Structure formats: structure tokens, C-alpha cells
Amino acid sequence: MLHDFHLDVRAGELLGLLGPSGSGKTTLLRIIAGLDFPDRGRVLFGGDDATGLPVQQRAVGFVFQHYALFKHMSVADNIAYGLNARKRSERPGRAEIRRRVGDLLDLIKLSGFADRYPSQLSGGQRQRIALARALAVEPRVLLLDEPFGALDAQVRKDLRRWLREIHDRTGQTTIFVTHDQDEALELSDRVAVLDKGRLEQVGTPDEVQDRPASATVLKFLGDSIELEALAEGGRVLVDGRPTPVAAPRGVIGPTRLHVRPWQLQFVEPAEAHLTGTVRASHRSQGRQRIEVERPDGRLVVVEDFDGERYAAGRPVGLRINGGYVFAG
Amino acid sequence: MSEGLALSRAAAARPRSVTSEGRAVRWLLTGIAILFLALFLVLPLLTVFAQALSRGWAAYFEAFHEPDAQAAIRLTLTVAAISVPFNLVFGVAAAWAIAKFEFPGKSVLITLIDLPFSVSPVVSGMIYVLVFGSQGLFGAFFIEHGIQIIFAVPGIVLATIFVTFPFIARELIPLMQEQGTAEEEAALTLGASGWHAFRTVTLPNIRWGLLYSVLLCNARAMGEFGAVSVVSGHIRGLTNTLPLHVEILYNEYNFVGAFAVASLLAGLALVTLVIKSVLEWRYAGDLAAGARH
Amino acid sequence: MVATPQRRFLFRRPSVIPGFGLTFGYALTCLSLIVLLPLAALVAKASGLGLDGIWEVARDPRVASALRISFGVSLAAALTASVFGFVVAWVLTRYRFPGRKVVDAAVDLPFALPTAVAGIALASLYAPNGLIGAQLAKVGIQAAYTPLGIFIAMVFIGLPFAVRTVQPLIAEIDKEVEEASATLGATRGMTLVRVVLPPLVPAVLTGFALAFARGVGEYGSIIFIAGNLPYVSEIAPLLIVIKLSEFDYAGAAAIATIMLGISFLTLLAINLIQAWSRRRFGYV
């Protein structure tokens, strides 16, 4: 279910639709494509109303999560499908179609694969064929539904970089759906965060990370802890001590402060916002995560460089170096 | 160029789903399908009951009072009572050996078990004539010992077992293969004997599939005509099953009698179909996928 | 150091589950006595005749005509059943309408209804004074007691095969593929012809072959409506019954062998179609 919102996609940009499963991001993509229909509302392509336009005439390129390749057709036939489906008067000649298929195969670096069948290809190769097939019709907008969802981690990473390259080369307006924050933040020019059918925020990866518009966006983009705090005189106080966090306009009195694990720093208990004892610590890839148990029994996770080790049972103090407070 | 998505109050005309045909085509195809099925399947079924009752209920019930009809009912029940349990034991044993163990030639074995499905009913009966008939392979031996198989009840039972041979095994094999051996192995590690594991673990897992296949096996056993016709000899009151009795009455132009007896078999078919459908709707997960006939 | 035991041939892979010997032995014994031995008797009888002997029987005009009728009419009936069966399967899987489940269950009627019952019902429906037969008679068509009657009975018994082989495949069609075709600009008709139907062809062929094989061997539902006129509407299975009643076992065995041979070729064709389809597209 989608609630009312307005989303503008700029020509030539790569926009990531990010949200947890069930947030409505795929529905939105399908509405843009003309595969699903909004109860009300309009879809505009560069000022033209496309709402009533059947999917066949929308000129979108849709890449499906499971590729949806035609299994009984060769790779070349798959890519040429959209061109062959055109009315005779608008259909390019055979030689022209063959040339375009060849160009696209070059673009996706699968030049020798024209006569293979989808069942003979790997997942990553199928994904690239699906993309070439969508690009062949020269769509006004390219739509990708969880493009890397069905692939394993390494292939995902390679394809991500490759998709970015293709986009930079073609300048194709592209919208892709993902539930993976890293993927969205790495690939997109701008990210649109959706939750429960609401558009929470649209912005560049830096904007959504530095200035999340809501607690939902903040939580979805990474780990955080939530603390009871007090807004007073434009500052946010925790346990009576002022923090560097400024209170947003209109927020006065008791509030909640959201803090990322790396915004906490170990200090002497005397000058700390929070105190507690270390319960456990784990090291991973040059960083360590330390679980600190506060006097009331709640856990705080701190992220730090893999320097000084913190043994279980050690009393520690934590200073808050940053955080987020949301109005309302 | 800018692609915007704005949701405003203006209600948009809703185009039809892209993965379906237009309403007119849908109606046309549905109409053709239902008309075709009504004409080819439902009408013949209704005819059976309509013809059976064409002279009223008294004439209908009279058909069953005939001693020959009663003998036919008895024989049909007897034949089913022997052949269904036989195939049940065979089916479970074959499915256990094939589904729970790995051995070479397994697919050949499955194909051989399936073989009776692809043999014409008439040929199914005929092969027993070739073995046990007076000029058959062992015919002389049995005649010498005064044992009559062809044109007698044993031949009918054998032919019925043959045509229904694959029914139960064929449902159970894929079902038990799908279930694997983990649960039985768990039971064995907990100290159960093999028989105990079968009774308490395997049997509950296959009970719906078992019921389903026994049902279909029984329907075919009671309704088989071609194979039984060849080995029966059509001796009234002795070797006539219900389907054969139907044939005799029909050929004597006793249409009401023929259709009355036929209505009994049609009723059995309907009950079978209803229970089968209910099993398919409610316990689809406990039946072998795709094995629908 | 671990001692490597000498590898020794094992018929089955070792397993802790008991009962293999008992169940395997019992199943094999039943199979041999009930199925293999009697079929071997047929093979023995047929090989006693030799190819020449079988050919001799097949050349008999009455036998040749019965075989022609059985195979020819079954071919036409299987074709009809496949076309309508496809429509039925499509409607039942793709459309929602009241009573769909009942209609779906009714498709199995020919499996459940004893053939003799179907036979007399069809005969009385299509007889010149029957419900449908009378209507056909008005336009000068006689169905019962002609090859047309045989055709009707064969469509009846072949239909479930045609429906049930394609139905699960239609249900499995990935809607994304149809959507992909639509986003690429294909009309619905084009999508059906180029994307939906081609992968279903192997299943349709399989259903056709099954219906065909069943039609050739069918006896009970045909003989009442066929009229059984030699050279006109006499089917091969009936001729076997006639030969048997005349104690002409050799003749019966020869006809049976020809029928089994062609059924075998049909099944072989099905397997080849499926193997090809699996190799090419990765599905059956």
C-alpha cells in the first residue's frame, strides 16, 4: 500500500529506492512501469501524463528480480525481442537489429554469447542479458527491481560497480529498488527511502546519512542506540550533562537521542554521559565492537578502532560526540 | 527530461492487468471450456441417471433384485477386496525399497511398475489367457490339476490386479522420496525397531497419499471392463462383474436395467471423485505432486 | 593409521534403515509374477510367429482396416482433445469464476467412470434417437455406429490426459516473463504466441501422445457406440477379443504386438521430447 507522495526523478540520474521489504518500493516501481495501477494519482514522463498509457507504450526498460528471460530463446533473440515486437513500420531492419544486439552484447561484455540459451548462463550473466534486453528498446527510464537480489555476494559487488559504469557511459535515467543500504548508498546519485508506503526522505547519499529526516530513516541506514535525553536552551542533555548535539527548533523538554555506535567514545567515568561495565567485545576487520552494560541493565554497543582491549567486567564511561533528535 | 510521480485526487482509468486477456476473450474461452466439458463429460453422466430412472423408481430397484445382479455385486466386491489389499501391500513394499534406499536400476524398476498403465486393457486380459488358457503356457498343467483360472474368478482377480498394479506404488514412491529418510533415522537413533519406526513415523506421513491411491485403485478395480471381459467368459451369476453385467443387459436391450446397474458404478465414481478432490484441496501437501492419475 | 577396508561391490548403498531385502524381494516377486511373466508370454507367442507371421496377420484386410481405424481415429481424437484440453487447462488455471473447483474436479471424470458405463451413456446420447444423436440426424450426421462415434469416445477418455499434462505447467509460468514481454512493447497476443506458448509445446505433445496411446488401446467406452462393423467401425482391441473367442491366440498376439509396438514408440517419442526440452531449456 502506498500513501500520498510526490517524487521527482531528474533526467539522467541514478535513483535508488531503498526500504525494508513490504515498504512499497517494488509497487512504486511497477506503477511507474505500468504493471500495477494506483487507485489515484498520476505518472508523468517529462510532463506527459502516462497514467492511462498501457505498459507496451510507456517505453520503460524493466529488469526483473529473477531476470524473466525467455528460456526458449537465444540470448540474441532475447535482446532483440523488444525491437521485433514493434509494428512493421517502426521496426528496424534485420541487419540493424543484429547490429544493435551486437553493440549491446559488447556493452555488457558478453560478445560471444549471442547463440547461447539462458539455461547455459550463470546468474550474473543472465542479469546482464536482462539489462541489455531492457536497454535495447531505448527506454525513457530504466527500472531495476532488486537487480542483484538473487546473486551471491562477490558477483553482487562486481555487478554494482559495472552498473555504475554503464550508467555513467549511457546517461540513462535509472531507478532501482533495493533493501540493501550499502548498495543504495554506493550506487545512487540520490536515494529515496520508503517505509510502510510512505516516502520518508529523498536526498543524496550524504544528505540521508548526515541529516536523516526521521528516526525511521536513521534506523534503516545503520545501527543506533536510543537514549532518554532533555532538550534545554537549544542543547540536548543526557544525564544532566550537555552533549554537542543541537536540539532542533521546537523540541523542548524530554526527548529521545539517537546515537550511532561510532559517536560514542570511552572516557573517564567522571566526565562521561553514560557509565557501565564491559560485558563482551568482538573484533572484526580492524574494528572492535564493545558491549557495555549500563547500571539499569540495558546494553549499549560502542564501535572503536581495534586498539586498546576492554576486558569484561571493566567499568567504563562513555561520552556522546554526536547524535540525532527528531521533532515530533 | 524529468519523470515525476505525483499522486493527486484525479482518479485514473484503470487499464487491465498486463498478464491477462481482455474480458471478451476470457468469457469466450471460459464459455468454450465449460460448454465442451458439459457436452463431453457431464451430459453422459447425467444420461446414466436419467435413463436408469426413465421408467420410475420401481423399475430402477427391480434391476438390483435380480439374482444375477446380486451375484455381480458380490463378485465385484470380492474382486476389489482381494486386489486392492494385494496392491496396497505391494505398493508400500515397493515404495519402501525404492524411496528409502539407493540402488542401481531404480528407474528401470519404476518404469516396469508403470508398465500396466500403457498396456491396452484388452491386452492386459489376453496375456493371462496366453499363460493360463487351455492352449496357454501353463494351461495343460492347471487343467490336469483341475484348477480353472481363465473364465473363472482367479483370472478376473489376476487381470484386475494387473490393471491396478501401479496405482498405489506410483503415488507412494514420489511421496516417500520427497520425505526422505531423516525421520526414520531419527526414530532408529531413539531406539525404535524398524517396524515400529514404520508404523509410528512413516505410516502417519503417508496416510493421505495412501488413502488417495487406495481410493483410485478401488475405483478402477470395481470398474475395469476390458481386461476382465477377456478372462471372464461371461458366465451369468458366476463370472460376471458389475461392468460385465451392464454390458449383458445393454446388449439384451434391457436399457433400464443396464443403466440402473451403471448408475451404481457412476455413483461410485462420483463419490471417488468428490473424496479425491477434497483430499487434493485439503491435503495437497501430503500427496505426491503431479501424480494425478 | 586407519585401515582402508577393501572395496567390495555392494548392490545398494549402505543404510541404517532396515527392510530392504524383504520389501525389495517381495516387490520384485510380485512384479515378476503379475506383470513380467504374462507379458513375457505375449512376447514368446509373438516371437514364435516371427516378423513374417505378424506381417501376415497385419496384411489381412480386416485386421489392417481395424488397425487403420484405431490409429487414425485416435490420432484425430488426440488432436481434438489436445486443443480443447489446452483451452480447458488455461481457463482453469488462469481465470477465476464461480464453480471453478467443481469444473476442475469434473475433468477427472473419465478416469473415475468405468469405461462400460461411459460407453453405454455415450451410445445412448449419440444414437439416432438419443439426445444429441437426434439433433445431429437432423443435419444429416450419424455419430453412433460410425467412426465418428469412435472419435467421440476417444476424445472423452483422452481429455483428462491432455488437460492434466499441461495444467501444472501453465500454473508454473512465471508471470514476470509475461510482464517482461509487455514492458518490451509486445501486445498480449504477441506475448502469448512468442513467450507463453512455446515453452508449453513439449507438455502439449506429451499430453497428445498419452491421449493417443490411450485411445488406441481403449475398449470399453468405444464398443457400445462404435457399432463394430467390420471394415467400417471395428477397432483393433475388439478384433483381439474376437480372435481370442475363436481361440486364435496367434492372431490375437500378433495384433497385440503391433499395438504394443506402436504404443512403445509413442512412449519413446514422449521421452525424447522431454529429454530434448530438458536439455534445451532446462525444464520439462
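Two residues are taken to be in contact if their C-beta atoms, placed from the backbone, lie within 7 Å. The model is predicted, and on that contact criterion 75 residues of chain B meet 80 residues of chain C.

- On the side of chain B that touches chain C, the element that gives the most is helix α1 of chain B (residues 23-52), with 17 residues.
- Sorted by class, this side of chain B comprises 52 nonpolar residues, 15 polar residues and eight charged residues.

**Packing of α5 and α7 in chain B**
- Helix α5 (residues 121-132) and helix α7 (residues 153-179) of chain B have axes that come within 10 Å and cross at roughly 135°.
- The two helices, α5(B) and α7(B), are therefore oblique to each other, and their crossing is right-handed.
- From α5(B) the contact draws on B:P121, B:S124, B:G125, B:Y128 and B:F132, while α7(B) supplies B:G155, B:L158, B:A159, B:F162 and B:V163.
- By class, seven residues in the contact of α5(B) with α7(B) are nonpolar and three are polar, with no charged residues.

**Annotated spans of chain B**
- An unreviewed UniProt entry carries the annotation "transmembrane region" for residues 27-50, 71-99, 119-142, 149-169 and 253-275 of chain B.
- Residues 71-99 of chain B are 100% helix and 0% strand, with the end C-alpha atoms of the span lying 41 Å apart.
- For residues 253-275 of chain B, the end C-alpha atoms are 34 Å apart, and the chain there is 91% helix and 0% strand.

Technical notes:
Residues numbered from 1 in each chain as written. Chains lettered and ligands numbered in written order. Predicted model: local features only at pLDDT ≥ 70, side-chain atom pairs only at ≥ 80, totals over all residues. Helix = DSSP H or I, 4+ residues; strand = E, 2+ residues; numbered from the N terminus. Nonpolar A, V, L, I, M, F, W, Y, C, P; charged D, E, K, R; others polar. Axes fitted to C-alpha atoms, helices over the stretch in contact; angles between N-to-C directions. Parallel < 35°, antiparallel > 145°, perpendicular 65-115°, else oblique. Left-handed = near helix turned anticlockwise from the far one by under 90°. UniProt positions renumbered as here; feature names shortened; annotations may be inferred.
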